[in-house]
Amino acid sequence: MSESTTSSVAAASVDLPPEEIAELRRIAVDLAESAAAHVRARRPEVFGPAGAGAEDAVRTKAHPTDPVTVVDTEAEELIRARLAETRPGDPILGEEGGGALVGADDAVRWVIDPIDGTVNFLYGIPGYAVSVAAMRGGRSIAGAVVDVAHAVTYSAGLGLGAIRVDADGVVEHLRCNPVESVSLALVATGFAYGRQRRTRQAQLIAQILPEVRDIRRFGAAALDLCHVATGRVDGYFEHGLNAWDWGAGALVASEAGAVLRLPPSASATGTDGDLVVAAAPGIAAELLALLDGVGAGEPIPDR
């Protein structure tokens, strides 16, 4: 079974003072918002009337249904360049540029998803985000997720709480819903690109759906985790997420009170298919028991 935690996505001991965590959070917000502004500006240039159909704008990764665009690459390069100026020497793990989640040292590592929800971005569906997390020992200590289309920023620092700042600058301190029964819970999930894993995910949904209020599939894991924090959904689960998918969003959810189950701290990619769960505290034990009961607690390999 995957490693789990009930209060924080950080390692058991993080010897950083609150003011340093707050500064890492500020940097994460600045990086994510800068990249989000670039993504927002570039989409009509690349996929609008003037750029539509550009053959070199989109390529695929491990699966033909899993795209990456030139804007993903540009946004990650922007963040890497900014980090080289503000935090020179800090290791970086990015979805497009690679890197490592943990190492022999105890350095702060930056984990970047330049566009989480690239399929939504490609189709013009307003559900994609930039995610930036500062992690140590494979666990998050500060992070920010920007809902690009709506210009909304979610951020958190370990022990400092989680907030949502909308396009008008209005700040909301986040707490999960006070739901107490899984039967009344709205639960989000996501599906893999590989045929084997998504076939098993579909089988699990058929068993879980009758036990909950309903299921939602938005298409961006970082936003799903933030939606647990805001109470837009009561829980979220998905197999095979990469560290850049959950790095910032899981901390936002945790700092809003969510109970989490995360992959092992050394696992950067979702190849093994470990389960990620975030749930409002009132339903966490029941939801985890439901997932384990139908076999969803076990990893789902990609192939």
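Predicted model: local features only at pLDDT ≥ 70, side-chain atom pairs only at ≥ 80, totals over all residues.
Residues are numbered from 1 along each chain as its sequence is written, and side-chain values use heavy atoms, with hydrogens and water left out.

The protein chain contains seven helices and 15 strands; these are DSSP runs numbered from the N terminus (helices: H or I, at least four residues; strands: E, at least two). Of its 303 residues, 55% are buried, where buried means under 20% relative accessible area, exposed over 50% and partly exposed in between (1.4 Å probe, protein chains only). The accessible surface of the chain is about 12,200 Å², and carbon and sulfur atoms account for 52% of this surface; areas come from the Shrake-Rupley method with a 1.4 Å probe, and for residues only the protein chains shown count as cover. Contacts (heavy atoms within 4.5 Å) between residues at least 6 apart in sequence join residues at least 24 apart in 67% of cases.

In soluble globular proteins, nonpolar side chains tend to be buried together. The largest nonpolar core in this model has 99 residues; such a core is a set of buried Ala, Val, Leu, Ile, Met, Phe, Trp, Tyr and Cys residues joined through side-chain atoms within 4.5 Å. The members that touch the most other members are Val39, Trp110, Val130, Ile208 and Trp246. Helix H1 (residues 18-47) gives the most to this core, with 12 residues. When residues up to four places away in sequence are not counted, Val39 touches Val71, Ala75, Pro114, Ile115, Phe121, Tyr128, Val130 and Val148.

Ala32 also lies in helix H1 and is buried, at 0% relative accessibility. Apart from neighbours within four places in sequence, Ala32 is in contact with Val130, Val132, Ala144 and Val146. The C-alpha atoms of Ala32 and Val146 are separated by 6.2 Å, although the two residues are 114 apart along the chain. Glu74 belongs to helix H2 (residues 70-86) and touches His38 and Arg42, again not counting residues up to four places away. Between Glu74 and Arg42, 32 residues apart along the chain, the C-alpha separation is 9.6 Å.

Two packed helices are described by the angle between their axes and the distance between the axes. For helix H5 (residues 221-230) and helix H6 (residues 243-255), the axes come within 8 Å and cross at roughly 5 degrees. Axes are lines fitted to C-alpha atoms, for helices over the stretch in contact, and angles run from 0 to 180 degrees between N-to-C directions. H5 and H6 are therefore roughly parallel to each other; angles under 35 degrees count as roughly parallel, over 145 as roughly antiparallel, 65 to 115 as roughly perpendicular and the rest as oblique. On the H5 side, Ala221, Ala222, Leu225, Cys226 and Ala229 meet Asp245, Trp246, Gly249, Ala250, Val252 and Ala253 of H6. This contact has nine nonpolar, one polar and one charged residues (nonpolar: Ala, Val, Leu, Ile, Met, Phe, Trp, Tyr, Cys and Pro; charged: Asp, Glu, Lys and Arg; polar: the others, Gly among them).

Gly231 is located in the loop between H5 and strand S13 (235-239) and counts as buried at 18% relative accessibility. Beyond its neighbours within four places in sequence, Gly231 is in contact with Arg175 and Asn177.

Most residues other than glycine have a negative phi. Ala151 has a positive phi, near 55 degrees. Ala151 is in the loop between strand S7 (139-147) and strand S8 (152-157) and is partly exposed, with a relative accessible area of 30%. Arg195, in helix H4 (residues 195-208), is exposed at 71% relative accessibility.
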